[in-house]
Structure formats: C-alpha cells, structure tokens
Amino acid sequence: MQWQFSNDAPIYTQLIQQIKIGIVTGGFPPGERLPSVRDLATEAGVNPNTMQRALAELEQDGLVYSQRTAGRFVTEDHTMIQTAKRSLAERHIHAFLEAMIQLGFRKDEIIQLLEQELGEEEKHVSA
C-alpha cells in the first residue's frame with residue numbers, strides 16, 4: 001500500500017481514510033488478515049501507537065475485527081464495505097462541489113463540465 005500524508009489533518013485520521021480506501025478497493029479483501037500494527041506502522045512510517053489508534057477506530061466502525069490471538073481481519077460484511085465506499089465518495093463529491101462553488105461555478109456549469117470530462121474519459125477508455 002502506498003501511504004501519503006498531508007499537513008491538513010491528523011495522521012491517524014489520514015491512516016483511517018487510507019485503510020478504508022484499501023478495504024473498499026480490495027487492497028485489503030474481505031476476511032483478509034491485516035498485517036500487525038507494528039508492520040503497518042513501519043510500512044507507513046508512523047508511530048505504532050498512531051496506527052493502533054487508527055485501527056481501533058476502524059474496529060469501532062466495524063470495518064475490521066480482532067480475534068484474540070490471530071490478529072485483525074477485514075470485515076466480510078459486504079454491505080458495510082459498500083456503505084464505507086459510498087461515504088468516501090460522498091466526502092470527495094462534497095469537497096469537489098465546495099471547490100467549484102468557491103471558483104464561482106454555478107450548478108449548471110458544474111454539470112456541463114462533468115459531462116464534458118466524462119465524455120473525454122469515455123473517448124480515452126474506448127480508444
């Protein structure tokens with residue numbers, strides 16, 4: 001997994017988001033055992049306590065679960081994974097719309113731009 005951090009949010013919240021993305025995109029498939037806290041922390045270049053905090057929150061959310069001696073696993077609840085995926089998408093859409101409004105675009109202009117971009121994307125995919 002490629003870990004990237006910015007200065008605009010606490011590291012543990014960024015870890016949560018990145019692990020969620022890994023789960024919803026299949027990087028961490030349902031039922032898969034996650035690497036240990038120490039291994040994930042080393043890979044991400046963060047303090048193990050920070051990674052533990054992120055994983056504990058994901059566990060509270062139900063996206064991962066612990067088995068006493070076996071470690072942490074990704075939930076096998078596909079509905080929960082789809083809900084997390086939709087939540088992440090809505091967050092991105094909200095941020096996009098806020099940015100477009102700050103740039104002075106109206107709703108109809110935003111829709112027109114999206115339709116143009118989607119049309120361009122379709123050309124690239126079919127080419």
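In which helix is the place of Gln 14? Select Gln 14 in this predicted model: the residue lies in helix α1. Its relative accessibility is 9%, and since buried means under 20%, Gln 14 counts as buried. Now show what surrounds the residue. Leaving aside neighbours within four places in sequence, Gln 14 is in contact with Gln 4, Phe 5, Ser 6 and Ala 9.

Next, the core. The largest nonpolar core has 24 residues. Select Trp 3, Leu 15, Ile 19, Ile 23, Met 51, Leu 55 and Leu 58, the members that touch the most other members. Then colour the helices α1 (11–24), α2 (37–44), α3 (48–61) and α4 (78–102), which are the elements that give two or more residues to this core. The most comes from α1, with six residues. In soluble globular proteins, nonpolar side chains tend to be buried together.

Now select α2 and α3 together. Their axes come within 8 Å and cross at roughly 115 degrees, so the two helices are roughly perpendicular to each other. The crossing of α2 and α3 is right-handed.

Finally, show the side chains where these helices meet. From α2 come Val 37, Arg 38, Leu 40, Ala 41 and Ala 44; from α3 come Pro 48, Met 51, Gln 52 and Leu 55. By class, this contact of α2 with α3 has seven nonpolar residues, one polar and one charged.

Conventions
Residues numbered from 1 in each chain as written. Predicted model: local features only at pLDDT ≥ 70, side-chain atom pairs only at ≥ 80, totals over all residues. Heavy atoms only, no water. Core = buried A, V, L, I, M, F, W, Y, C linked by side-chain atoms within 4.5 Å. Buried < 20%, exposed > 50% of the residue type's maximum accessible area, 1.4 Å probe, protein only. Helix = DSSP H or I, 4+ residues; strand = E, 2+ residues; numbered from the N terminus. Axes fitted to C-alpha atoms, helices over the stretch in contact; angles between N-to-C directions. Parallel < 35°, antiparallel > 145°, perpendicular 65-115°, else oblique. Left-handed = near helix turned anticlockwise from the far one by under 90°. Contact = heavy atoms within 4.5 Å. Nonpolar A, V, L, I, M, F, W, Y, C, P; charged D, E, K, R; others polar.
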